[in-house]
Amino acid sequence: MELPRRRRRRSSGQTTGGPEPQPEPPSPASIVQDILSINAGEDVVQTILAHFRNIPRPSQEFLGIVLSATGSVLNPAISTRLLTKSFEGAFPIDHLAAHFIIKRTGRVEPRQSQNITFRGPDGEMVGGRVEGPLIAATEIQLRVGRFPHEAN
């Protein structure tokens, strides 16, 4: 026996309770891009932070992001939900994700953890949250961008 379906009524101002609408992505014209060269032996994340700290003080809050990365990292340590693992040696970067809030005061804060994907010692793709310093094994070229961000 099938039960009849009841229709739910909502007033015109009532929401569905679903996810809140996401802000519009930035237009390509609003993204300011820079190329960073990171020398072997330097900390990748600290270099990105220093770059964003040295831009002229913004009149509003900005979001800084890594758009692309090429080069290799040395002895990376990553974590996933289940474990933390350290790798020994140099590994080519497949993907690097990092987001930073650039405050009006010039202060720069990581918005979330930095994540990296690279080919592991057995050729498998591995990735996860960066744990500890991320040191360049070779010169690393980064394309970073920043665009206006509405403070929450």
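## Basis of the description

Residues are numbered from 1 along each chain as its sequence is written, and side-chain values use heavy atoms, with hydrogens and water left out. Because the model is predicted, local features need pLDDT of at least 70 and side-chain atom pairs count only at pLDDT 80 or more, while totals for chains, interfaces and linings use all residues.

## The open sheet

Helices (H or I, at least four residues) and strands (E, at least two) are DSSP runs, numbered from the N terminus. Two strands pair if DSSP finds at least two bridges between them. An open sheet is formed by 7 strands with antiparallel pairing, in the order β5-β4-β10-β9-β6-β3-β11. At its edges stand β5 (84-86) and β11 (135-136); each has a single partner strand, so one side of each lacks a neighbour in the sheet.

Within this order, β6 (residues 90-97) and β9 (residues 115-119) are antiparallel and share 4 bridges. Leu96 has Ile116 in β9 as its bridge partner.

## Pairing with β12

Strand β12 (residues 140-148) runs antiparallel to β1 (residues 32-38), and 7 bridges join the two. Here Gln33 stands opposite Gly145 in β12. Strand β2 (residues 62-70) is also antiparallel to β12, joined to it by 8 bridges; the bridge partner of Val66 in β12 is Val144.

## Helix α1

Asp43 caps the N-terminal end of α1, with a side-chain oxygen 3.0 Å from the backbone nitrogen of Val45. The buried residues of α1 are Val44, Val45, Ile48, Leu49, His51 and Phe52; buried means under 20% relative accessible area, exposed over 50%, and partly exposed in between (1.4 Å probe, protein chains only). Seen down the axis of α1, these residues fall within an arc of 160°, so they line one face of the helix. The arc is that of the directions from the helix axis to the C-beta atoms.

## The nonpolar core

A nonpolar core is a set of buried Ala, Val, Leu, Ile, Met, Phe, Trp, Tyr and Cys residues joined through side-chain atoms within 4.5 Å. The largest one has 30 residues, of which Val44, Ile48, Leu96, Phe100, Ile116, Ile140 and Leu142 touch the most other members. Its largest share, 5 residues, comes from α1.

Leaving aside neighbours within four places in sequence, Ile140 is in contact (heavy atoms within 4.5 Å) with residues including Leu36, Ile38, Val44, Val73 and Ile93.

## A loop residue

Asn75 lies in the loop between β3 (72-74) and β4 (77-79). Its phi is near 50°, a positive value in a residue other than glycine. Asn75 counts as partly exposed, at 42% relative accessibility.

Definitions and conventions: A polar contact is a pair of N or O atoms within 3.5 Å; within protein, one must be able to donate a hydrogen and the other to accept it, and residues adjacent in sequence count only if both atoms are side-chain atoms.
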